Amino acid sequence: MSTQSSYDLLATMPAPAPRVFMSEPLVPTPVEQIVAALKSVAPLQGLSDREYEWLATRGTEWVGEDGNLVFVDGGPVDKMHFILKGEIHVRRAKGSAAQVFIGRAGQMTGKIPYSRMKTYGGDGYCVGNGWSLNIDESMFPEMLAAIPSMTQRCVSVLLDRTREVTRMEQQGEKLTALGKLAGNLAHELNNPASAAQRAAASLFGDLKKFGQTRHDLGRAIHSDEQNIALKAWYERTREQMADFCEITNARFSPLVIADREDALAEWLEGHGIPEAWALAPSLAESPLTIAQLDELAEIASPELMALGIPAFAMSLRVERMAETVIDSTVRIFDLISAIKDYSYMDQAPIQDVDLAESIERTMAMLQSRLQGITVLREYDSALPRISAYGSELNQVWTALIENALEAMEETADHDPTLRLKTTLSGQSALVEIWDNGKGIPDELRSRIFEPFFTTKAPGRGLGLGLDTAQRIVNKHSGSMSVQSKAGATCIQVRLPLNQAQAY
């Protein structure tokens, strides 16, 4: 039987479809028709016929069919486009293929005078039959001289485009932050929810079996003396076990439990208890001792032992599962409470905020990302509360702590340490968030608060986290600063104590 090599398979695969670009029409459109189409371009409304004709005669026509490329990601931006027919959809070539911009007929786009665009940020495709008129950037000075009003028109388009792009990027940043928060919460909620589900499922079957075992034990007791002795042992042992738990206030370590399990299994097998291997784990996790079992063996017959010990072990198992359900649901309730506190749900926008509590609420949201991170807390208990937009302030801590965690992810030569500090500094509250990551290079330190500036890999950040944090701090009449060197980066947030003129 012959096999086809991977090279043969590649040779038989169809070649990818060629990328077809818009191009100049074979027969140029009459100037009168181009002028009529230009009059539908909103930013050009109000031009004189002579000015429309100037654009129509100096511009270059492009036509294309559905799916044709207009430009490619990373290509040079050197033309202004007047879309006369169809639509241009822009999609990022890297990362998500979601549409990031839609240019429709009647719009002016591409390179516009005074724009600092150098390259396209995605691939532009025709949707439907496309028709555009393009002005090369080399003709911009001549165009502005021939049509003076184009200066104001171009600036207006640039401002509108900047606002739209900023809105889209901020929305993307919010969705990214929401996705991270949802991922953290899903991780945190999954553990207690899964534990509760497993315990509840086991509890259902074990309760039925426990009831049958107790019934069999009751039938095996033939005298009041046996009943009284077993009941006394049960109550005495339970009391001793409760005292032991209260004193130690801790569970056994896995190694101790394993040793106890072996010892208990050996004792149970020596006394003829059936399925000793199944009973030993439940008994090993409890404070029950061999001496207490010896005491039971002195007062109970082998028949009662064979029924009484399984019933006792099953009662411990059922209680342990019920305890797991309670602990898990309490953990879920605590997480929900943390979410409500983090978002200040059902509360007024402005709160009297304890900064340490505010930071801890944020830490609860990021708990799943703190594995292996040493967290040092230095909170000034005498620091007074400040009046602030609580939910917005939590966004600041989220952005700063996430940045610190990501910086430490890239440093593997030492243990990652996050230090959180609050203190009083003059008439301001000072919050410091330290990390021992790789640090911020000197040439980039002055730019980290700029919108859209990021040192992260494509798709990992839009460069709006610190910009958003700074705007929120400024809203509170505060300030932010950064100190950084290799192994020690600190973001400082100063918030005035007297907020009378902050809003």
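Predicted model: local features only at pLDDT ≥ 70, side-chain atom pairs only at ≥ 80, totals over all residues.

Colleague: How are α7 and α8 oriented to each other?

Modeller: Two packed helices are described by the angle between their axes and the distance between the axes. For α7 and α8 the axes are 8 Å apart and the angle is about 135°. An angle over 145 degrees would count as roughly antiparallel, and 65 to 115 as roughly perpendicular. The orientation of α7 and α8 is therefore oblique.

Colleague: How many charged residues are in the contact of α7 with α8?

Modeller: On the α7 side the contact is made by I257, R260, E261, L264, A265, L268 and E269, and on the α8 side by A276, L279, A280, P281, L283 and A284. By class, 10 of these residues are nonpolar and none is polar. The number of charged residues is 3.

Colleague: Turning to α11 and α12, how are these two helices oriented to each other?

Modeller: Helix α11 spans residues 355-365, and helix α12 spans residues 390-409. Their axes lie 9 Å apart, the angle is about 55°, and the crossing is right-handed. Angles under 35 degrees count as roughly parallel and those from 65 to 115 as roughly perpendicular. The orientation of α11 and α12 is therefore oblique.

Colleague: How many residues of the contact of α11 with α12 are charged?

Modeller: From α11, the residues L355, S358, I359, T362 and M363 take part, and from α12, L393, N394, W397, T398 and I401. They divide into 6 nonpolar and 4 polar residues. The count of charged residues is none.

Colleague: Which residues of α3 are buried?

Modeller: Helix α3 runs over residues 49-58. What covers its buried residues includes α2 (31-38), β3 (79-91), β6 (123-136) and α4 (140-146). The buried residues of α3 are E51, Y52, W54, L55 and A56.

Colleague: At what angle do the axes of α2 and α3 cross?

Modeller: The residues that meet are V31, I34, V35 and L38 in α2 and Y52, E53, L55, A56 and T57 in α3. By class, this contact has 7 nonpolar, 1 polar and 1 charged residues. The crossing is right-handed. The axes come within 9 Å, and the angle is roughly 115°.

Colleague: Is V35 buried or exposed?

Modeller: V35 belongs to helix α2. Beyond its neighbours up to four places away in sequence, V35 touches Y52, E53 and A56. The cut-off for a buried residue is under 20% relative accessible area. Because its relative accessibility is 10%, V35 counts as buried.

Colleague: Which residues does L84 touch, not counting those up to four places away in sequence?

Modeller: L84 is in strand β3, and with a relative accessible area of 10% it is buried. Its C-alpha lies 9.4 Å from that of M108, although L84 and M108 are 24 residues apart in sequence. The residues touched by L84 are A37, L38, V41, A105, W131, S132 and L133.

Colleague: Where in the chain is S477, which has a positive phi?

Modeller: Most residues other than glycine have a negative phi. S477 has a positive phi of about 60° although it is not a glycine. At 41% relative accessibility, S477 counts as partly exposed. Its place is the loop between α14 (465-475) and β12 (479-485).

Colleague: What is the phi of Y114?

Modeller: Y114 is in the loop between β5 (108-110) and β6. Y114 is not a glycine, yet its phi is positive, at about 80°.

Colleague: Finally, for the chain as a whole, what percentage of residues count as buried?

Modeller: The chain has 14 helices and 13 strands. Of its contacts with a separation of 6 or more, 77% are between residues 24 or more positions apart. Among the 503 residues of the chain, the share that counts as buried is 39%.

Notes: Residues numbered from 1 in each chain as written. Heavy atoms only, no water. Axes fitted to C-alpha atoms, helices over the stretch in contact; angles between N-to-C directions. Helix = DSSP H or I, 4+ residues; strand = E, 2+ residues; numbered from the N terminus. Left-handed = near helix turned anticlockwise from the far one by under 90°. Contact = heavy atoms within 4.5 Å. Nonpolar A, V, L, I, M, F, W, Y, C, P; charged D, E, K, R; others polar. Buried < 20%, exposed > 50% of the residue type's maximum accessible area, 1.4 Å probe, protein only.
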